[in-house]
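Please examine the model shown below. The paragraphs that follow lead through its loops, its helix packing and its aromatic pairs.

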Amino acid sequence: MKDDLQFSWELSGSGWATYRISDAAHKHKEIVSYCTNALADLLHGVAGLYGEPSVQRVSFDLEPAEERWQLRRRGKDVDISIYRFPDMHVSWDAPDEDGELSWSSTQPRQLLGHAVVEAARTVLSLHGEAGYLKKWVQHPFPVAELHDLRRLHQQEDECQRCQNSPGPDIHR
Ligand SMILES: [Zn+2]
């Protein structure tokens, strides 16, 4: 079943974020640490799906586990596969398939782009840039990455959801 992707990103404590991703069949939730610039990396990885190469990877540090998103574009769709490795220090150069598959789904790129943009915008409107930095400590809110992905999504995907509720433009 396609067209049923849900995604949210929440600052859950100092230096930790909780994300939730689901389709109609399966839910997945993970808590990631500020050791990497996680939200920026995700926005950047999804933005990569609007160019070459067609496979993008985003790693999250779970201290010590690694969770790695493999995003594989096929035409207008994206195969999303989330792999888990027990220790990031060991797995950083391991092939994806060595990890344990935690969640996977195939979704339209249009919907993935929209969901990730909206999740990041929700974080920004909830905390503001100052509030974000206070909670995430190591990295500022990824304003430029959000702007880039939103621009690509609005230019390249004919997104009905954006057209129905364009919302206010984000401040740079
Ligand atoms: Zn949209």
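In which loop does Glu63 lie? Glu63 belongs to the loop between strand 4 and strand 5, where helices (H or I, at least four residues) and strands (E, at least two) are DSSP runs numbered from the N terminus. The model is a predicted one, in which local features need pLDDT of at least 70 and side-chain atom pairs count only at pLDDT 80 or more, while totals for chains, interfaces and linings use all residues. Residues are numbered from 1 along each chain as its sequence is written, and side-chain values use heavy atoms, with hydrogens and water left out.

Most residues other than glycine have a negative phi, and most peptide bonds are trans. Glu63, although not a glycine, has a positive phi of about 50°. The peptide bond that leads from Glu63 to Pro64 is cis, with omega near 5°, and Pro64 lies in the loop between strand 4 and strand 5 as well. Glu63 is partly exposed, with a relative accessible area of 39%; on this scale buried means under 20% relative accessible area, exposed over 50%, and partly exposed in between (1.4 Å probe, protein chains only).

A further cis peptide bond runs from Glu52 to Pro53, with omega near -5°. Pro53 is found in the loop between helix 1 and strand 4. Gly51 lies in the loop between helix 1 and strand 4 too, and is partly exposed at a relative accessible area of 26%. Between the C-alpha atoms of Gly51 and Gly15, which are 36 residues apart along the chain, the separation is 31 Å.

A positive phi also occurs at Val137, a residue other than glycine, with a value near 60°. Val137 is found in the loop between helix 3 (109–136) and helix 4, and is partly exposed, its relative accessible area being 43%.

How do helix 1 (residues 38–47) and helix 4 (residues 143–156) pack? Their axes are 9 Å apart and the angle is about 25°; axes are lines fitted to C-alpha atoms, for helices over the stretch in contact, and angles run from 0 to 180 degrees between N-to-C directions. Helix 1 and helix 4 are therefore roughly parallel to each other. Angles under 35 degrees count as roughly parallel, over 145 as roughly antiparallel, 65 to 115 as roughly perpendicular and the rest as oblique. Helix 1 passes helix 4 in a left-handed crossing, meaning that the near helix is turned anticlockwise from the far one by less than a right angle (clockwise for right-handed). Ala40, Leu43, Val46 and Ala47 of helix 1 meet Glu145, Leu146, Leu149 and Leu152 of helix 4, contact being heavy atoms within 4.5 Å. By class, this contact of helix 1 with helix 4 has seven nonpolar, no polar and one charged residues. Here Ala, Val, Leu, Ile, Met, Phe, Trp, Tyr, Cys and Pro count as nonpolar, Asp, Glu, Lys and Arg as charged, and the others, Gly among them, as polar.

Helix 1 also packs on helix 3, where the axes come within 11 Å and cross at roughly 155°. Helix 1 and helix 3 are therefore roughly antiparallel, and their crossing is left-handed. On the side of helix 1 the contact involves Ala38, Leu39, Leu42, Leu43 and Val46, and on the side of helix 3 Leu112, Gly113, Val116, Ala120, Tyr132 and Trp136. These residues divide into ten nonpolar, one polar and no charged.

Helix 3 and helix 4 complete this account of the packing: their axes come within 10 Å and cross at roughly 145°, and the crossing is left-handed. Among the contacting residues are Arg109, His114 and Glu129 of helix 3, and Arg150, His153 and Glu156 of helix 4. The contact of helix 3 with helix 4 divides into seven nonpolar, four polar and five charged residues.

The aromatic residues form the last topic. Rings of Phe, Tyr and Trp (its six-membered ring) pair if their centres lie within 6.5 Å, with planes under 30 degrees apart counted as stacked, over 60 as edge-to-face and the rest as tilted. The count comes to ten aromatic pairs. One of them joins Phe7 and Trp69 edge-to-face, at 5.9 Å centre to centre and 80° between the planes. Phe7 lies in strand 1 (residues 6–13) and Trp69 in strand 5 (residues 66–74), so the pair ties together parts that are 62 residues apart in sequence. Phe7 and Trp69 are both buried. The rings of Phe60 and Trp69 have centres 6.0 Å apart and planes at 80°, so this pair is edge-to-face; Phe60 is buried. Ring pairs link Phe7, Trp9, Tyr19, Phe60 and Trp69 into a cluster.
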